[in-house]
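Hello,

I am handing over the structure we talked about, and you will find it just below. After it come my notes, written for someone opening it for the first time.

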Amino acid sequence: MQVFFFIWCGCWCHSLFIDPGSNMASATDPCSFSSFSKCVTKHLNLTFHVDFDSHVLKAKVALTVEVLEDRFTSLTLDTKDLKVSKVTANGQAAKFTLGLKHSFMGTPLEITLPFDLSRGQHVIVEVTYETAPSASALQWLTPEQTAGKKHPYLFSQCQANHCRSMVPCQDTPAMKHTYYAQVSVPKELVAVMSAVRDGQEPDPQDSSRIIYRFRQPVPMPSYLIAIVVGALESREIGPRSRVWSEKEFVDKAAFEFSETETMLKTAEDLAGPYVWGQYDILVLPPSFPYGGMENPCLTFATPTLLAGDRSLSNVIAHEISHSWTGNLVTNKTWEHFWLNEGHTVYLERMIGRSMESEQFRQFKAMGGWKDLQESVNTFGANNPLTNLVPNMSEVDPDDAFSSVPYEKGFALLYHLEELMGGPEVFMGFVKSYIQMFAYSSVTTEEWKNYLFTYFKDKVDVLNKVDWNAWMHTPGMPPVKPQYDTTLADACIALCKRWVKTKEGDLGNFSEVDVKTLSAHQLIEFLSLLLQEEPLPLSHVRQMQEVYQLNAFNNAEIRFRWLRLCVKSKWEDAVPMALKMATEQGRMKFTRPLFKEVYNFDKYREEAVRVFIAHRAAMHPVTSNLVAKDLKVDTGKST
């Protein structure tokens with residue numbers, strides 16, 4: 001996920017290079033009930049009937065499970081709010097019970113087999129079930145909530161531990177499996193998944209419906225299963241890429257993402273072959289809560305990227321990078337989320353370095369450090385959730401989400417790059433790490449052991465790194481990198497001028513100040529101002545007068561500008577801030593905008609009123625987190 005999209009849950013899986021039984025006994029995941037030390041899922045066969053009238057998936061899943069112990073008679077799957085009607089094992093009826101419901105982990109599904117199995121044997125466990133209308137992985141949109149206004153729309157978001165509300169499974173990133181799927185939908189709609197499209201046919205049970213088929217031959221964790229159903233169109237944007245969206249956005253999206261193949265080739269040069277075959281991008285409706293989501297073969301992207309400004313292509317560079325770090329090599333549990341995100345940010349910025357310049361990479365890294373500082377300030381410098389490797393016991397991964405795994409992870413990798421001999425040398429390690437652990441899931445300890453093995457001639461330098469301070473200590477990292485400030489100097493200078501200028505001297509500013517700044521630099525300038533004490537109201541009014549910032553459509557610029565105005569208590573900005581918070585649902589924008597208005601005492605009740613009026617249209621994850629931010633009853637089922 002691009003910041004600031006996704007999070008967490010976990011267990012151990014088969015690897016093409018590692019014995020699936022190794023390390024099993026020590027495999028634990030605080031976010032999963034599933035019995036992954038006893039058995040591993042190798043393959044899922046999914047059958048979905050998408051019912052827009054009742055907002056449910058009527059479904060069946062056949063799990064091909066490999067047994068890891070002798071006298072195996074039972075297994076546990078993760079579920080959440082599923083209505084299970086039948087379970088079979090190799091075609092024979094199997095007993096099943098649902099355990100006690102946990103606040104965010106859902107309910108364990110305990111299955112007793114009608115026979116014993118030995119280590120190494122396989123069993124096909126088939127579960128017939130129905131999802132709940134309130135399934136946390138699924139968002140059902142009415143026609144009015146779409147761009148076309150004629151047809152309903154469904155999309156899923158399984159990261160971190162929401163797949164269990166859509167599929168009974170071993171819902172942990174330690175477990176990787178292939179999958180096939182067949183999806184029945186009304187024939188005027190199109191289904192796509194995080195898999196290769198494998199044909200379509202009329203539904204033999206219902207002439208008004210069509211069945212779409214999919215296959216995912218590369219093993220992947222459950223959180224990457226994704227489905228979208230809507231009035232979708234697509235355009236080819238490269239030899240292995242299409243862009244998908246409602247027809248109202250499809251041509252604009254094709255233009256915005258036209259550099260996709262260049263980025264893919266750049267990433268392959270850095271990290272090795274792209275193994276997933278197709279790389280498509282799907283632009284979602286505005287309520288999608290993240291900047292992007294790296295679902296294999298089908299990256300999800302926020303429509304906030306369609307601002308007619310290609311400065312936001314780093315979101316796609318980030319999602320492309322996940323094809324290697326996250327999807328091919330995966331964190332074993334969500335405590336090790338930084339392995340996914342820190343490496344992905346590192347690779348994303350190396351793509352930026354190849355396509356732009358080293359100065360550009362340094363500039364983006366400086367911005368990332370500020371994002372990290374803001375997250376640490378929000379959580380509190382002593383909050384254990386600011387550890388690079390946090391303890392996730394009884395912690396809902398959604399509540400833990402922040403830029404810490406992204407930017408603290410990147411800062412560690414950048415620090416190691418400097419110690420080990422520069423970007424080319426360290427990228428050699430990253431590529432080797434990807435090759436070594438491809439198709440498997442890893443812990444921080446395994447990553448660190450490989451780092452010491454790869455740089456065996458520099459172990460004395462690595463031993464001087466304060467690993468405990470980096471990994472297990474809250475707050476900012478123990479080392480602050482010294483980044484090249486070339487591209488930031490103009491932003492810093494302009495920020496200082498605004499902070500120091502007295503009211504009588506505001507006439508010294510003019511539109512020339514920002515004429516030569518790129519969108520990236522304008523974002524940086526506003527970010528720097530947000531770190532200062534709020535500007536006097538006279539200053540933000542003058543800034544609008546000379547720079548006309550209200551006219552900018554770039555979401556990253558608009559978001560920071562409106563926060564700046566509300567911080568300075570400019571009442572005219574409040575309705576604009578609340579409008580942006582509700583007309584799109586990207587949490588990176590929506591949560592801080594609501595919080596900013598909430599902190600403006602005069603408009604606290606207005607923030608709550610607007611949230612309550614719009615919460616039904618929000619993604620469930622967004623709605624629950626904004627409710628917590630505004631101290632409103634979440635209405636979250638427990």
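Between domain 1 and domain 3 there are seven residue pairs in polar contact, both residues at pLDDT 80 or more. A polar contact here is a pair of N or O atoms within 3.5 Å; within protein, one must be able to donate a hydrogen and the other to accept it, and residues adjacent in sequence count only if both atoms are side-chain atoms. By class, the side of domain 1 that touches domain 3 has nine nonpolar, five polar and two charged residues. Nonpolar covers Ala, Val, Leu, Ile, Met, Phe, Trp, Tyr, Cys and Pro, charged covers Asp, Glu, Lys and Arg, and the others, Gly among them, are polar. The number of salt bridges between domain 1 and domain 3 is zero (a side-chain nitrogen of Lys or Arg within 4 Å of a carboxyl oxygen of Asp or Glu).

Please keep in mind that this is a predicted model, where local features need pLDDT of at least 70, side-chain atom pairs count only at pLDDT 80 or more, and totals for chains, interfaces and linings use all residues. Residues are numbered from 1 along each chain as its sequence is written, and side-chain values use heavy atoms, with hydrogens and water left out.

Where do the domains lie? The assignment, automatic or from a database, gives domain 1 (29–221), domain 2 (231–323), domain 3 (328–472) and domain 4 (485–630). Domain 1 and domain 3 bury about 1400 Å² between them, 61% of it on carbon and sulfur atoms; buried area is the accessible area (1.4 Å probe) that two parts lose on being put together, summed over both. In domain 1, Phe104, Pro173 and Lys176 lose the most area to domain 3, together 36% of what that side buries.

Now to salt bridges in the whole structure, which holds 34 of them. In one, the side chains of Arg164 and Asp78 meet at 3.8 Å, N to O. This pair links distant parts of the chain, with Arg164 in the loop between β10 and β11 and Asp78 in strand β3, 86 residues apart (strands are DSSP runs of E, at least two residues, and helices runs of H or I, at least four, numbered from the N terminus).

The loop between β10 (153–156) and β11 (177–186) also holds Ala160, which a cis peptide bond joins to Gln159, with omega about 10°.

Happy exploring!
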